[in-house]
Amino acid sequence: MLANLHVKNFAIIDEVDVEFGDHLNILTGETGAGKSILVGSISIVLGARVSPEMIGKNGDYAMVEAVFQISDEDTLSRIRELDIEPEEGQLVISRKITANRSINKINGESVPVSVIRKVAALCIDIHGQHEHQSLLNPDRHREIVDDYSGEKCIQMRDETARLYHLYKKKEKELKQESLSSEERARQLGFLEYEKEEIETADVKAGEMEEIEDRYYRMSHAGSIAEVLGEVHELSGETAVSAISHGLRRLQEIRNLDPALEDFTEELIQIEGLLGDFNREVSDFMSDFTFDENDLEQTRRRLDLIHSLQNKYGDTYEDIMSHLQEVDEKILQYEDYEAYMEQQQGELGKLEKDLKKQCTALTKCRKKAAAALEKKIADALQDMNFAHVDFAIQITSREDCGPEGADDIEFMIATNPGEPRRSLGKIASGGELSRIMLAIKSVFADSDAIETLIFDEIDAGISGRTAQKVSEKMSVLGKRHQIICITHLPQIAAMADVHFVIEKDVTESASTTQIRSLGREEMEEELARILGGVEITDAVRKSAKEMKELADSQKQYS
């Protein structure tokens with residue numbers, strides 16, 4: 001659940017700190033008080049895009065921080081799979097917005113915003129006032145059925161997608177391989193040329209590096225010989241003679257001080273090392289001989305190797321791999337009819353497997369849809385539809401795509417005697433809100449996401465319908481933490497924790513504040529929503545009765 005939200009210098013919010021409670025958290029306030037800004041700050045901490053314009057007037061950065069307390073073991077396990085370790089089930093997600101960038105952290109460690117989005121998706125689900133419009137898209141209907149079906153159908157859908165992509169890949173390869181006899185002859189000639197070129201070059205493993213090193217040495221042979229000749233001369237007779245002279249002089253006085261014995265021994269070693277060094281340089285210079293013909297042959301070999309690298313790959317392994325591919329292609333073109341027959345057979349098998357998988361997926365979806373259809377219909381009855389005839393229509397296509405071969409659409413009739421039609425043709429905004437809430441209530445028991453946010457999802461409803469929606473919201477609150485922004489007193493009365501969002505307007509600035517209400521303040525806020533401009537004693541009495549009635553209807557275990 002979302003335990004705490006801290007917002008600092010974000011838009012017109014100077015600084016707020018909100019401690020959310022379990023079950024149903026209600027947020028109310030006058031129009032323009034900043035309710036949308038508060039929801040926006042939550043969206044930011046969940047990974048929404050940021051802009052420097054979000055930074056308020058009281059500093060050069062904005063900060064939003066959310067503290068989640070996670071109790072579901074499966075959710076904790078999935079968070080750990082993202083290399084995030086909750087500390088005693090707690091996650092602290094923070095985003096600092098500056099003029100140039102955002103700094104994103106989870107439990108104090110910097111992470112990419114993509115990781116924040118993945119983690120947040122496991123913890124919280126936001127339904128905005130326009131989110132119910134997604135119900136007009138039949139693709140969303142298919143997602144809802146698949147989500148309800150459970151792991152079996154979802155695994156079938158994933159396998160369908162895998163087979164589909166394999167089928168399309170094989171189909172594309174076949175189109176590319178389908179050649180006329182003239183084109184096939186040209187391709188075969190080109191492949192045989194490549195094969196002959198690589199095999200004639202007869203490049204050996206390690207030869208590329210060896211030839212490059214050899215050519216580099218040979219091309220700098222003049223410099224090497226000049227320097228080595230000078231070093232040989234300097235380390236020759238003159239140097240040896242000087243050391244020998246020094247050694248004789250030391251031997252004359254070596255008995256006068258014990259330390260002179262060590263100097264003598266060291267100089268004897270130096271004399272021997274210098275002689276060895278001089279001989280090794282001489283030997284190297286004797287072996288370091290070649291003519292211009294050797295250099296030219298090495299250069300040509302290196303040019304040939306570079307040519308092969310430019311055509312077939314940077315390394316010996318790349319060139320050999322290309323040669324293997326060429327050999328395989330030559331075999332294919334030499335027995336082209338048999339090869340194409342084999343490929344056609346593989347494509348046919350993939351197509352058969354794909355259709356079989358689509359059929360199994362359709363069967364699974366129909367079974368899930370039948371159960372879901374009844375549950376949504378029952379939930380809609382609870383939403384004060386005077387008459388509702390709801391069905392999930394599944395139509396199978398001949399062609400199979402990555403999502404299967406099913407067109408799935410929610411159909412509904414809200415008046416007796418009318419035929420069922422698609423939601424987009426008959427449902428109003430308020431009806432879509434109720435349908436979305438009914439769907440969420442059906443998923444409530446199995447939905448692992450602990451926190452649900454409803455941002456004025458009650459738009460377009462009132463009266464008895466609003467009362468039914470409030471009761472359904474309370475039912476959702478039994479198993480989830482609900483954070484709901486509302487303008488309806490019937491829903492606000494159901495609050496377990498009630499916050500009011502207020503805007504403080506002065507000559508110099510406007511700021512938004514949020515505070516938790518006590519029992520009497522809850523009733524006063526309900527009276528404000530009910531009464532509008534003038535709040536009479538009768539309105540206050542109605543608000544008190546509404547709150548008491550709401551409390552009596554809640555039965556949290």
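Which element gives the most to the negative patch? It is α7, with four residues. Please keep in mind throughout that this is a predicted model.

Let me describe the patch itself. On the surface, negative charge gathers in a patch made up of Glu209, Glu210, Glu212, Asp213, Asp314, Glu317 and Asp318. Two or more of these residues come from each of the elements α7, spanning 207-219, and α12, spanning 316-334.

Is Asn278 buried or exposed? Asn278 counts as buried, because its relative accessibility is 15%, and the cut-off for that class is under 20%. Leaving aside residues up to four places away in sequence, Asn278 is in contact with His232, Ser235 and Gly236.

Ala48 sits between α1 (35-45) and β4 (62-69). With a relative accessibility of 28%, Ala48 counts as partly exposed. What does Ala48 touch, not counting residues up to four places away in sequence? The answer is Ser43 and Arg95. Finally, Ala48 and Ile116 are 68 residues apart along the chain, and a distance of 9.6 Å separates their C-alpha atoms.

Thank you for your attention.

Conventions:
Residues are numbered from 1 along each chain as its sequence is written. This is a predicted model: local features need pLDDT of at least 70, side-chain atom pairs count only at pLDDT 80 or more; totals for chains, interfaces and linings use all residues. Side-chain values use heavy atoms; hydrogens and water are left out. Patches are made of residues with over 30% relative accessible area and no salt bridge: like charges are joined within 9 Å, nonpolar side chains (Val, Leu, Ile, Met, Phe, Trp, Tyr) within 5 Å. Accessible areas come from the Shrake-Rupley method with a 1.4 Å probe; for residues, only the protein chains shown count as cover. A salt bridge is a side-chain nitrogen of Lys or Arg within 4 Å of a carboxyl oxygen of Asp or Glu. Lys and Arg count as positive and Asp and Glu as negative; His and the chain ends are not counted. The place of a charge is taken as NZ of Lys, CZ of Arg, CG of Asp or CD of Glu. Buried means under 20% relative accessible area, exposed over 50%, partly exposed in between (1.4 Å probe, protein chains only). Contact means heavy atoms within 4.5 Å.
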